[in-house]
Amino acid sequence: MTRSVVDYEYLINTSFTDSNKSVSSNVRPRWERKRQHARDRAPLSSKNGGDRFIPNRAGMNMELSKHILRGDNEDATMSVGPEGETTSHVPSNQQVVPDANKQEYKSRLSAALLGVDDKSNNRIMSFKDKAPQPKGDTVNNLNVLYSAAKSGPQKKSNSKLASRPIPSAPSRVLDAPDLMDDYYLNLVSWSDTNILAVALANTVYLWNAATGDIQELCTYDDGPSSHISSVSWVQEGGAHLAVGTSGGKTQLWDIHASKQLRSMDGHTDRVGSMAWNRHILSTGSRDTNIINHDVRVARHNVATLSAHCQEVCGLTWSNDGEVLASGGNDNLLCLWDASQTSLNNGGPRFQLTDHQAAVKALAWSPHERHLLATGGGTADRCIKFWNSQTGACLNSIDTGSQVCALQWNPFEKEILSSHGFARNQLCLWKYPSMAKIKEFEGHTSRVLHMCVSPDGSTVVSAAGDETLRFWEIFAAPSKKHQSSSHHSTSGNGSSKLSWTSQIR
């Protein structure tokens, strides 16, 4: 009976197999699909360099790993002293290396046997393959000079932050031969009568932005190395220009008559920075002093301010004329009260030491009272914002390169900075977030000076490449605002808005 059952089962199997030989299907069974899916997933871990929980032998140095696991004291026997300290006893025949040189000996032995100089950075277990070595021609030796070069390419513009189109190229480029490439000088000034004063070597030139005419104002000749070290227009009217010289003299010129009105002394070295506050002209020198000159009287020296110990390279008065900010090569930022500047023994209100390099770039905000922006040199690279009333640092941002000059947008809360190595660019920032709106490139040397046109829309930059570049960066007021302002200032011939049509 058992044989009959077997024969019956064989017959059944044979019958079904023969009858289904002609039947075919493209659909594989579920168990077969699961097996194939498992096979496809298996190589994924090896492609990525190994499983996250299983070490990858291809990325490990097995001999070095074993050596580290054995430890440094496998041959030493440990014992506990009477006071609880732990000591090691090494046989005398094995004490061939002094303790002072043992670490160096181990390092050299590891390098000779295992081919690894520093075993402290080696991992016992590696969970991915080693990264491929870079090609020899891809190494940039300059990327160690500035940390900005290590961060890779950055965005040059952010259109979402600007509500206006900003041209990337300058609208005009002028040659400025013999423009001194000196970080501590201030050689460009733009008057409210639309005349740009530029000091080239020992000569001052005046360029009329409306007509394009060029006039040579004066030449300072006091020796082979004499030069003009700073220029600054009077605040209103634009008829008088202050000229600082390398000999320590400060000259006052009438540009209409092309005549020198007076020469004011007091400094023993070059006058590199100047700032006007109505009839008071403040001058900073390499002799570390700041002198306030009253240009109306014969005895012009009304105050001498001493707080810096190196050259004073930045000076600017606040918009209300109450505070004088000074920056020096000694990394100091000093804030002086106007009431104290008439006293020779008056000290600064605040003496701030946060910058790590020379402080030349200074700019008062036209939008917020008591807000001062400062920029540091190569070793600092930061733009800092201060409350001049409290002396508090409100914000600080690392720009990645030397900050040479700062200019506020008179119409919006934006600030423009000019920089030195490595890109020699101008950067427009949104305040107070300090998000970068746009970068402007074109200069081939550090951008030392910046000035804003009388209408507030054009910025001129002067660099060590001996060129002047004019940028349409700041937005001019709307036509409706211009017409209302024109009616309110129709009787003022020195209105800044009246020169809008001439500069374009």
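Leaving aside neighbours within four places in sequence, which residues is L196 in contact with? I looked that up before anything else, keeping in mind that this is a predicted model. I got V188, S189, W190, Y205, L206, W207, V460, L468 and F470.

**Entry: the core around L196**

I then looked for the largest nonpolar core and found 31 residues in it. L196 is among the members that touch the most others, along with V204, L206, L217, L241, V460 and L468. Next I noted which elements give two or more residues to this core: strand 4 (188-190), strand 5 (195-200), strand 6 (203-208), strand 7 (214-219), strand 8 (228-233), strand 9 (240-245), strand 29 and strand 30. Strand 5 supplies the largest share, six residues. I also picked up a second, separate core of 16 residues, with A405, L416, M450 and A463 among them.

**Entry: whole chain**

I stepped back to the totals. I have six helices and 30 strands down for the chain. Of its 504 residues, 42% count as buried. I get about 28,300 Å² of accessible surface, and carbon and sulfur atoms account for 49% of that. For contacts between residues at least 6 apart in sequence, I noted that 50% join residues at least 24 apart.

A reminder to myself: most peptide bonds are trans, and most residues other than glycine have a negative phi. I went looking for exceptions.

Which residues does a cis peptide bond with omega of about 20° join? I found F421 and A422. A422 sits in the loop between strand 25 (414-419) and strand 26 (426-430). I logged another cis bond from Y431 to P432, with omega near 5°. P432 is in the loop that runs between strand 26 and strand 27 (435-440).

For positive phi I wrote down S258, at about 50° and not a glycine. S258 belongs to the loop between strand 10 (250-254) and strand 11 (259-264).

Are S258 and E466 buried, exposed or partly exposed? I have S258 at a relative accessible area of 36%, so it goes down as partly exposed. E466 comes out at 34% relative accessibility, so I put it down as partly exposed too.

Conventions
Residues numbered from 1 in each chain as written. Predicted model: local features only at pLDDT ≥ 70, side-chain atom pairs only at ≥ 80, totals over all residues. Heavy atoms only, no water. Helix = DSSP H or I, 4+ residues; strand = E, 2+ residues; numbered from the N terminus. Buried < 20%, exposed > 50% of the residue type's maximum accessible area, 1.4 Å probe, protein only. Contact = heavy atoms within 4.5 Å. Areas by Shrake-Rupley, 256 points an atom, 1.4 Å probe, with all protein chains shown as cover. Core = buried A, V, L, I, M, F, W, Y, C linked by side-chain atoms within 4.5 Å.
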